[in-house]
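Subject: Handover of a structure, with findings

Dear colleague,

Please find below the structure that I am handing over to you. A written account of the findings comes directly after it.

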Amino acid sequence: MTVLAGALAGLATIAQMALLAWLVHQIVIAGQPASELVLGFVLLILALLVRAAGQGLQSHSAARCSEQVRRDARRQLHRHWRDSGPVTLADASAGALSREWLDHVEALHGYFARFIPQMSLAVIIPIAILAFVFWLDWLAAIFLLLSAPLIPLFMALVGMGAEKVNQQHFETISRLSGQFLDKVRGLTTLQLFGQTRSASETLHQRSDQYRVITMKTLKIAFLSSAVLEFFASVAIAVIAIYIGFGLLGYISYGPSANLTLFSGLLILLLAPEFFQPLRILSQHYHDRASALGAGAEILTRLNQPINAAAEPQTPEGVQPCNMIALSGVTLSYQSANPVLSDIDLSIQRHQAVALTGPSGGGKSSLLHLLAGFIQPNQGEISVLGYPPGKQPFGWLGQRGFWVQGTWADNLRLTCPDASDIAIESALRQVGLGSVLESRAQGIHSQIGEDGQGLSGGQARRLSLARIFLANYDLILLDEPTAGLDATSEILVLEALHKLAESGKTLIFSTHHHALLALADRTLIINNGEIRDA
Amino acid sequence: MHELRPWLKLISLRRGRLIVGALLLLATLLSGISLLALSGWFLTETALVGLLLAAGAQAYINLYVPGGGIRFFAVSRTVSRYLERIYNHNTVLQLLTDIRVALFDRMAVAGQRERGGKTGAQWLSRLTADVDALDTLYLRVIAPTALAAVVSLILVVATWIVFSGTVALFLLSLLTLAIYVASRRVYLQTQAMSGQLSDQYEALRGDVIEHLEGYAELSAAGRTGKHAGRLMRQARAISRTQARVDSHAGWHQSVSHLLVNLAVVLALWSGAELFHQGQLTGPLMVLLPVALLGLIEVYSTLPDAFAKLGATVAAAGRLNEEISPNPDHNNRQLAGPDSMAGNALVVRDISVGYSGHAPIFSHYSLTVAQGERLGIVGASGAGKSTLADAIAGLISSQSGTITTLPCAYLTQRTVIFEDTVKANLLMGNSSATDGDLWRILELVELAERFAREADGLDTWLGSAGNRLSGGEARRLVLARVLLTPAALVVLDEPFTGVDKQTRERITPQLNHWLEGRAVICLGHGPEALLPSGHTLHLT
C-alpha cells in the first residue's frame, strides 16, 4: 500500500515535469500566449493534486505498518523474562531491560515504515524515469544509467561500516542508561560523600565518548549520502551541458540532433527526480542501521542462556500432596563451591519453618529454589506435589514492591478481583489501617501522596497485605523482619503469627529470635548443608 | 513555548558554531537551487540560439560562464552538504552533553526533594529521553525554518526585480502559506498528541521498571502474564497515537509541497504572459519556476520536525520543573574543630518537615561533644532518619540552626553503585590505598568474601549489588562510611540485615576504629546500636 501510493506519486511527478517542459516549450519556442494553454495548465494542476494525494497516502499507511512486528517483539521479550525468572533478571539493570522493551522495539518501526517501502520505490521510480528518458534521448539515459549502478555499490560498502559502528552505539546507550539509573538512585549517597562533582565529570566523559562514537557513525553514514549527492549533482551538470551543446547543434552524433527544448528541459527536470528516491533511501539508512542495532540487542537478550534448565518435571506426574520435598538437590553458581550440595529435605504442609545460618550460607538460594526462580543443577524439587512455582504462592522479598497508584491498585496487582472490604481488612491486618484513616479517600488515595512514598517497613507490610488478601497455601519470606523499625517489626511478626495460625505453610529465612520462636521447625543452613536445629 | 527558553539560552552559548552551521546549510540549499535554475536558464538559452543558428543567422553565446557555474554548483552542493552535516551534528551532540551535565549538576543541587523508590525510573527517562528530545530543537526546527524563510524571501525579491511586484506578492502569499502549513499548523495540530505521547511513553517506562522490580512477587502470584498484558495494551495505544501524529505530518507535508508546486504554476503562467508581451526573455522566464522546484527540498523536512516539537516542549517543561530552585533556606553550618568549643555537633531549636505538611519534629535541640557516643532510639515515624538527614545536611530545617564538624553519614538505604568493590569504597576516601581497603573489609568481615573472588577488589557489583546478600551489602556501605576521615559519624541502622553473631564480632572492632570520633548511632532498639555513652529516646 505504502509502495503503491509512493509509486503513484512518482508517476504523477513524471507527468508534472513533462507538462512543465511542454508548456515552457510551447511558450518559448512556439510563442503561444498562456491563455491558449489553459488545458495544459489544468492538466498540470491535476498532476500536482495526484502527486500530493499519493504522497499523503504513502506516509499515512507507513505510519501504521509495523504495529504487528513491534507487538511480537515485545511478547517474545516478555516470554524471555518469564523463562529467566526474577533472580536472573535482577542481574541486568531494570533501566537496560526496560530500554530494550521500549526504545529498541520502537526503533524497529523506522525500518518497516520507511526503509523497506522506500527500497522498492528506489527501484521502481528510477526505472520508470530511465525508461522515459531513454525514449526521449538514449544518450542522456545512458548518462543516468552509468551513474546509477555505482550508487548501490557505494551504499553497500558504506552501509557495512555504518552498521557495525551503529551496534556499538546502541550498546553504549544501553550502558549509559544503566549508569544513569544507578547514579540517580544513589544521588543522595553521592552528595554525602561530596562525589556529585566527580560523578558529573564521569557523566561528561561518558557523554563525550558517546559523542565521539556517534560522530564516527555519522561521518560514515553521511559519506553515503555525500556520494549520492555527488552523483546526482554531477549527473545534472553533465546532462545540462550535454543537452545545451546538443541544442546548439555542436554534437553531431547520436540522438542529440532531435533534442528540442521540451525534451531537453524534461530530461533536466527528471534527472533530480531520478536520484530523489535513492536520496530518501539513504536518509532512511540510519533507520535500518538503528533497527539492526536494536534488533541485535534484542536478539542477544533473547538468546541469553536461561539458567532454568529445561523444565524437568512432566505434567502427568503431578499429584497434589502435603509435602515439600527436595531430593539430591545441588546448586552452584559460577564459583567452584556449591551453594547447596546434595540436599535431601522434606517439609510438612501447614508448618512454619525457619531457615537460619550465617549470611551467604544459602538461605536465600534455597528459597529461590522453592519458588522456582532458579533451577537446581541436580536433583528434584516438588512443592506440594507440583514443580516449584507452578502454583501461585506468596513471596516477600527484602525489597517491598509498590507501584505508582492507589492502595487498592497495589493490592489488586496480585488479586484483581478483591473487594474493597477485603482490601481494607488486609491492610489493617498488617497495621496500615492508621495510614488509611488519615487519607480522605481511604484505599483509593494515591500511595505517594505526601511526596515521600513509603518507608521500607511500610512497603514490606504492603507486600504482606497482598499475601493476606490472596490466601495462598505456601508463603516464602526472605528475612521478613530485617531492617525494620520496631513498629513495623512488631506488626510483621503479628501478621506472620496470624498466617501461621491459619494453617499456612510458611518458610522464611531469619536471624530474629521472635521469628525463630514462631517456627515449628528450624533448619540451619551452612556450607551447603542443611540440618535441623 | 516559553518552556524552551532556558534551553535556548543554553544552546545559544555556542552561538559561533550555530551561525557557521546555519551558513553551511544556506550554502547547501542555494547551491542546489542555483544548479537547477542555472541549468534551466542555460538550456533555454541554447535552445533559442540553436534555433537561430539552424536558421543560418549569426548568434553568439557565452558557454564558459554558465558551464563553469553549473560545474561549480554541482561540486559546492556536495561539499557543503557533507561539511554541513558533520559540523552540525557535532554541534548537536556537544549541546546534548552540555544539557546533560547542566541538568545533572542542577539536580545534584536540588537536593533531597526527589526521594522514594520511584525517582530512579523517572530521572533515568528524563536524563535520556527528555534530553534527547531537545536535540530536535536547533538542527531540525530552528535552522531549517529560518533557512526556508530566508531562501523563500530571496526568491520573492528576485521575482520582484525580474518579474513584477504583483507576481512577487502572489508568490509571497503562496510561500508563506506553505511555510505555515509545514511548520506552525503541524505544530498546532499535533502539539497535544505529541506532548501527551511523551508523557504516556514515560509513564509506560515507569510501569515497565516497576514490573521488573516487582517481578519476584508477581511471578510468585502467577500474575506476570496479566501485568505484562497491561503493558502491551499501553504500548499499543502509544503506537496508535504515534501513527496519527505521523500521518498528520505526512499530509501537511504533501499540502505544503502542493502549495510550492502551485507557486511554480503561477510563476510559469505569469512568466508566459510577460514573455508574450516581450517584457521578459525566455531563459529568465524558465529560471524562476525551476528555482521554485528546488524549494520543495527546503520545505520537506519541516513537518516531521514540527510534529515532534510538541514532545520537545513537553520534555522541556518537565526538565524545568526539575531544576527550579529549591525554596528551602539552609541554616546548617560546617565549622572547624576550634570554633566548636569541644563539641562535634550543636543543634539549636530546629523544626524539620516537608513543605506543606506538619513538621516531623519542632524546637529540637541537641549537643554532642567531640569523641562522644550517642545512641538515638525511636519507633518508626518518630523522625530518626529525618533528624539524621538534617544533621548531614540532606534536608534543611525550617527554623533553628545546626552547627557541625564535617560528618560522615550512613543512610538507612543501602546504596551500592554498579561498579567495582574498589570504586564503591573509594567514594568514602579517594586517597585510600588497597591496603586500607583490605583492612576496612577485614573489619566488617568481608575481606575473606572478596579474597575468594578472582578479581579481588575489582570484583564487579551487579545491579544494586545484586550478588551480595542484604547483610553483606550493608557491611560494605558501612565500610565505605568508616573510610571517611570525619570527626562526626552518623550511622542510621548500621546493622540492617546483619546476623547477630557477625554483628557481635564486628561491634568491638568498629568501636576501636572510631575511637576519638563523635558517633551518633540511630536504631529501632538498643541492640541495633553501638555501645554508647548514653541513649536518647525519640518519641
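This is a predicted model: local features need pLDDT of at least 70, side-chain atom pairs count only at pLDDT 80 or more; totals for chains, interfaces and linings use all residues.

Residues are numbered from 1 along each chain as its sequence is written, chains are lettered from A and ligands numbered from 1 in the order in which they are written, and side-chain values use heavy atoms, with hydrogens and water left out.

Chain B as a whole

Chain B contains 16 helices and nine strands; these are DSSP runs numbered from the N terminus, helices being H or I with at least four residues and strands E with at least two. Chain B is more spread out than a compact globule, because its radius of gyration is 35 Å, well over the 24 Å that the globule rule gives for 539 residues. That radius is taken over C-alpha atoms, and the rule is 2.2 Å times the number of residues to the power 0.38. The C-alpha trace of chain B spans about 120 × 50 × 45 Å along its principal axes.

Of the 539 residues in chain B, 59% are buried (buried is under 20% relative accessible area, exposed over 50%, partly exposed in between, with a 1.4 Å probe and protein chains only). Among contacts (heavy atoms within 4.5 Å) in chain B between residues at least 6 apart in sequence, 80% join residues at least 24 apart.

Salt bridges

The whole structure holds 22 salt bridges over all chains, each being a side-chain nitrogen of Lys or Arg within 4 Å of a carboxyl oxygen of Asp or Glu. Side chains of opposite charge can pair when their charged atoms come close.

One of the salt bridges joins Asp83(A) to Arg82(A), with the closest N and O atoms 3.5 Å apart. Asp83(A) is partly exposed, at a relative accessible area of 34%. Another links Asp420(A) and Arg412(A), at 2.6 Å from N to O. Here Asp420(A) is partly exposed at 34%, and Arg412(A) is also partly exposed, at 25%.

A further salt bridge, at 2.9 Å from N to O, brings together Asp532(A) and Arg521(A). This pair links distant parts of the chain, eleven residues apart: Asp532(A) is in strand E9 (residues 529–532) of chain A and Arg521(A) in strand E8 (residues 521–526) of chain A. Asp532(A) is partly exposed at 43% relative accessibility, whereas Arg521(A) is buried at 18%. Elsewhere, salt bridges that share partners join Glu67(A), Arg236(B) and Arg240(B) into one network.

Ala371(A) belongs to helix H10 (residues 363–371) of chain A and is buried, with 2% relative accessibility. Leaving aside residues up to four places away in sequence, Ala371(A) touches Pro388(A), Gly389(A), Phe393(A), Trp395(A) and Leu476(A). Ala371(A) and Pro387(A) are 16 residues apart in sequence and 9.3 Å apart in space, C-alpha to C-alpha.

Ala235(B) sits in helix H8 (residues 224–276) of chain B and is buried at 7% relative accessibility. With residues up to four places away in sequence not counted, Ala235(B) touches Arg74(A), Trp101(A) and Leu204(B). From Ala235(B) to Tyr201(B) the separation is 34 residues in sequence and 8.0 Å in space, C-alpha to C-alpha.

Yours sincerely
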